[in-house]
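Please load the model into your viewer and keep the selection panel at hand. The stops below say what to select next and what is there.

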Amino acid sequence: MFSLGLRCYARHASFKLPSPVVRWAPNPNARAFRSTALKRFPRGPAHDIAAAPEVELFRETLKKGRPELAFQEKVGKPRIRNQVLFVVFGSLLTFSYAASRTNIETEYWKKRLEAMSPSWQLQTITSLDLKRAQNAELIRELREWFAAVNRFTQEYVPSLIRPWISLGLVNVLQPYADASEGKRLCWKICLLNAGVYLAWKIKRLQPAMAVRFMHNPLSGLSYTLLTSMFSHKDFFHLLLNCLALESFGSAAYFYLMSEQNKMDPPMLESTGAPHFLAFFISAGLFSGLVSHVASVKILYPRLVKYLSLPTLVAVKPETWAAAVAASSAKPVAAAVAKQAAPTILPSLGASGAVYACVTLTALAFPNSEVALFIPPSYPVNIQYAVGGIVAFDMLGIMRGWRVFDHWAHLGGAAFGVIYYAYGPAFWAHMRRTFEIPPPPSSSPETQ
């Protein structure tokens with residue numbers, strides 16, 4: 001060891017020591033140490049061949065003691081607990097905020113109406129009176145804003161362009177003021193959908209939009225059930241949903257407002273916007289949850305079962321004839337496998353919430369007639385039309401069509417039916433739960 005260290009150091013320093021300085025002497029214990037080490041740690045081809053059967057036997061014992069997992073157990077099963085909790089508590093939170101907000105708005109406009117004239121304190125105030133006061137306030141604000149814009153254009157805009165700006169504002173503000181509150185609310189939702197659609201057209205945002213504004217049942221995310229209902233990638237999809245929401249949404253809004261007057265006792269309601277928004281969001285969440293459960297509990301097991309088929313396992317051909325037969329049959333087998341394999345696609349769009357508005361309107365106004373705007377068609381009874389589109393979605397599920405999210409459509413339709421039966425009573429209960437207590441009346445003795 002001493003000589004080896006000196007040799008390495010000498011090679012590094014580029015000089016040699018004189019030969020008499022380092023002399024090697026045999027160690028009498030080296031041979032005994034080597035023989036002992038070989039006995040304890042044998043090596044060589046003979047030992048490897050002798051020990052190989054023992055290693056193989058040990059591996060076979062482990063395999064027998066540990067059973068091999070099936071393919072279904074290896075890939076696992078996605079859960080639906082988080083999504084169910086998100087929809088349930090999200091809907092309850094939405095309705096709680098909507099009921100509280102409605103009570104606050106109603107109390108505010110009631111006090112303001114009583115302060116306008118002492119005569120209101122001597123007569124009964126109705127919900128229609130509150131809506132008229134609120135609409136008058138909206139018209140006043142629009143006129144003030146229009147006057148402010150005109151003053152700005154007179155100072156900074158050339159006189160040639162000034163009339164066109166005023167004419168454009170009138171054509172926008174006048175229909176907005178004449179429309180009902182329900183239709184104005186549907187327009188705002190359509191504008192939100194249009195904004196998300198424009199975000200899809202920005203290439204830098206598309207990767208983030210695909211994660212946060214599309215619901216993938218296998219991603220494990222829950223908040224995308226909410227964001228995906230305002231997301232549209234295709235313009236035709238956006239146009240159809242907005243047209244349906246503008247017509248059926250305003251009708252559903254009118255029905256929800258009219259049901260409050262039928263309560264015993266009747267409940268004042270100055271605005272129905274929070275109620276309709278809670279209904280719309282809850283319908284979208286429920287329809288997305290139905291689609292999620294169908295994908296996880298129905299489509300996913302079919303996909304796993306398909307992937308675990310023995311015919312999909314690659315077998316190594318042992319002969320030349322088998323190899324030729326396998327190569328010729330491979331394209332056909334791939335085409336058949338591609339057609340038969342179930343797919344789980346991400347979903348997006350407000351179709352589920354719109355379906356809830358459609359079914360609610362069909363049940364509330366059974367004698368109404370509807371007609372398609374694109375393409376133009378003859379008017380038919382609304383219940384026949386709704387029955388036709390529900391049958392179309394059921395056929396799409398049975399046939400395995402994946403162009404539309406048929407499960408979400410049926411989920412939205414079911415939510416509309418359920419809300420028609422129990423929604424008004426549930427909303428009245430939420431209103432009473434968050435009711436604002438009246439101020440204590442002052443008596444002459446306490447003054």
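Begin with glutamate 137, which counts as buried at 12% relative accessibility, where buried means under 20% relative accessible area, exposed means over 50% and partly exposed lies in between, with a 1.4 Å probe and protein chains only. This is a predicted model, in which local features need pLDDT of at least 70 and side-chain atom pairs count only at pLDDT 80 or more, while totals for chains, interfaces and linings use all residues. Residues are numbered from 1 along each chain as its sequence is written, and side-chain values use heavy atoms, with hydrogens and water left out.

**Salt bridges**

Glutamate 137 lies in helix H6 (residues 127-156) and arginine 112 in helix H5, so the pair ties together parts that are 25 residues apart in sequence. Helices are DSSP runs of H or I with at least four residues, strands are runs of E with at least two, and both are numbered from the N terminus. Arginine 112 is partly exposed, with a relative accessible area of 27%.

Next, select glutamate 105 and arginine 101, whose side chains meet in a salt bridge at 3.1 Å, N to O. These two are four residues apart in helix H5 and therefore separated by about one helical turn. Glutamate 105 is buried at 18% relative accessible area, whereas arginine 101 is partly exposed at 37%.

Then select lysine 183 with glutamate 246, a salt bridge in which the closest N and O atoms are 3.5 Å apart. Because lysine 183 lies in helix H8 and glutamate 246 in helix H11, the pair ties together parts that are 63 residues apart in sequence. Lysine 183 is partly exposed at 27% relative accessibility, and glutamate 246 is also partly exposed, at 22%.

**The nonpolar core**

Which residues have the most contacts inside the largest nonpolar core? Select Leu245, Phe276, Phe279 and Phe280, which hold that place in a core of 42 residues; such a core is a set of buried Ala, Val, Leu, Ile, Met, Phe, Trp, Tyr and Cys residues joined through side-chain atoms within 4.5 Å. The elements giving two or more residues to this core include helix H8 (181-200), H11 and helix H12 (273-307), and H11 supplies the largest share, 10 residues. Centre on phenylalanine 276: leaving aside residues up to four places away in sequence, its contacts (heavy atoms within 4.5 Å) include Leu185, Ile189, Leu245, Tyr253 and Cys357.

**Glutamine 260 and the annotated spans**

Now select glutamine 260, found in helix H11 (residues 235-260) and buried at a relative accessible area of 1%. Among the residues that glutamine 260 touches, not counting those up to four places away in sequence, are Pro266, His275, Trp427 and Arg431.

Finally, colour residues 235-256, 276-300, 382-401 and 407-428, which an unreviewed UniProt entry annotates as "transmembrane region"; such annotations, given in the numbering used here with feature names shortened, may be inferred rather than shown by experiment. Residues 276-300 are 100% helix and 0% strand, with end C-alpha atoms 34 Å apart, and residues 407-428 are 100% helix and 0% strand, with end C-alpha atoms 30 Å apart.

Terms used. A salt bridge is a side-chain nitrogen of Lys or Arg within 4 Å of a carboxyl oxygen of Asp or Glu.
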